[in-house]
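Please keep the sequence and the model at hand while reading.

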Amino acid sequence: WFLADRIRFGRKPHCNPMFVAMAEALALRKHSKEGMRLVDVGAHLGDCCLWAAARWSAGLRCLAVEAEALNVEAIGRSISYGDFHAAIDVQQVSVVADA
């Protein structure tokens, strides 16, 4: 039972509900989805960007930031599989804050 299978079965992204709510609110405020920009820091398998790309393919740009190389590769495969090259960029970067 892969995560993607669960998402297809349940029709819900494995994405933080706050991200989904903020993206939906942003889309409602914009007259056009052209120029809509989202960033997912700690993207894991890229589900939030993949969901957004499927939801608003035209004009959307989503940046998936992920530290783990295997996850970055998996996101890349999902981008190719969904043909989301125009909508999603993925960067392998560690994001930390100094305490």
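## Asp83 and the end of α4

Directly after helix α4 comes Asp83, a residue whose phi is positive, near 55°. The model discussed here is a predicted one, and the backbone angle of Asp83, about 55° in phi, is found there although the residue is not a glycine. Asp83 belongs to the loop between α4 and β3, and with a relative accessible area of 62% the residue is exposed.

A positive phi is also found at His44, again about 55° and again in a residue that is not a glycine. His44 sits in the loop between β1 and α3, and at 44% relative accessibility this residue counts as partly exposed.

## Helix α4 and its two sides

Helix α4 covers residues 69-82, which makes 14 residues, and its span from the first C-alpha to the last is 20 Å, close to the 20 Å expected at 1.5 Å a residue. Which residues of α4 are buried? They are Asn71, Val72, Ala74, Ile75 and Ile79; when the helix is viewed down its axis, these buried residues fall within an arc of 160°, so they line one face of α4. An α-helix has 3.6 residues a turn, so residues three or four places apart point the same way. On the other side of α4, by contrast, Leu70, Arg77 and Tyr81 are exposed.

The cover over the buried residues of α4 includes helix α3 (47-55) together with the strands β2 (61-66) and β3 (88-92). Asn71, which has its place in α4, counts as buried at 14% relative accessibility. Beyond the residues up to four places away in sequence, Asn71 touches His44, Leu45 and Glu66, and one of these, His44, is the residue with positive phi in the loop between β1 and α3.

## Parallel strands and their crossovers

Strand β1 (residues 37-41) runs parallel to β2, and five bridges join the two; across this pairing, Arg37 stands opposite Arg61 in β2. Strand β2 also pairs with β3, in the parallel sense and over five bridges, and here Ala64 has Val90 in β3 as its bridge partner. From β2 the chain crosses through α4 to β3, and this β-α-β crossover is right-handed. A right-handed β-α-β unit is likewise made by β1, α3 and β2.

Leu63, a residue of strand β2, is partly exposed, with a relative accessible area of 27%. With residues up to four places away in sequence left out of the count, Leu63 touches Leu38, Val39, Asp40, Cys49, Asp89 and Gln91.

Asp40 lies in strand β1. Is Asp40 buried or exposed? Asp40 has a relative accessible area of 9% and is therefore buried, the cut-off being under 20%. Apart from neighbours within four places in sequence, Asp40 is in contact with Phe19, Cys48, Cys49, Leu63, Ala64 and Val65.

The structure holds one aromatic pair. The rings of Trp51 and Trp56 have centres 5.3 Å apart and planes at 75°, so the pair is edge-to-face. Trp51 counts as buried at 14% relative accessibility, and Trp56 is buried as well, with a relative accessible area of 7%.

Methods. Residues are numbered from 1 along each chain as its sequence is written. This is a predicted model: local features need pLDDT of at least 70, side-chain atom pairs count only at pLDDT 80 or more; totals for chains, interfaces and linings use all residues. Side-chain values use heavy atoms; hydrogens and water are left out. Helices (H or I, at least four residues) and strands (E, at least two) are DSSP runs, numbered from the N terminus. The expected span of a helix is 1.5 Å times one less than its number of residues. Buried means under 20% relative accessible area, exposed over 50%, partly exposed in between (1.4 Å probe, protein chains only). The arc is that of the directions from the helix axis to the C-beta atoms. Contact means heavy atoms within 4.5 Å. Two strands pair if DSSP finds at least two bridges between them. A crossover is right-handed if, with the strands pointing away from the viewer, the path from the first strand over the helix to the second runs clockwise. Rings of Phe, Tyr and Trp (its six-membered ring) pair if their centres lie within 6.5 Å; planes under 30 degrees apart count as stacked, over 60 as edge-to-face and the rest as tilted.
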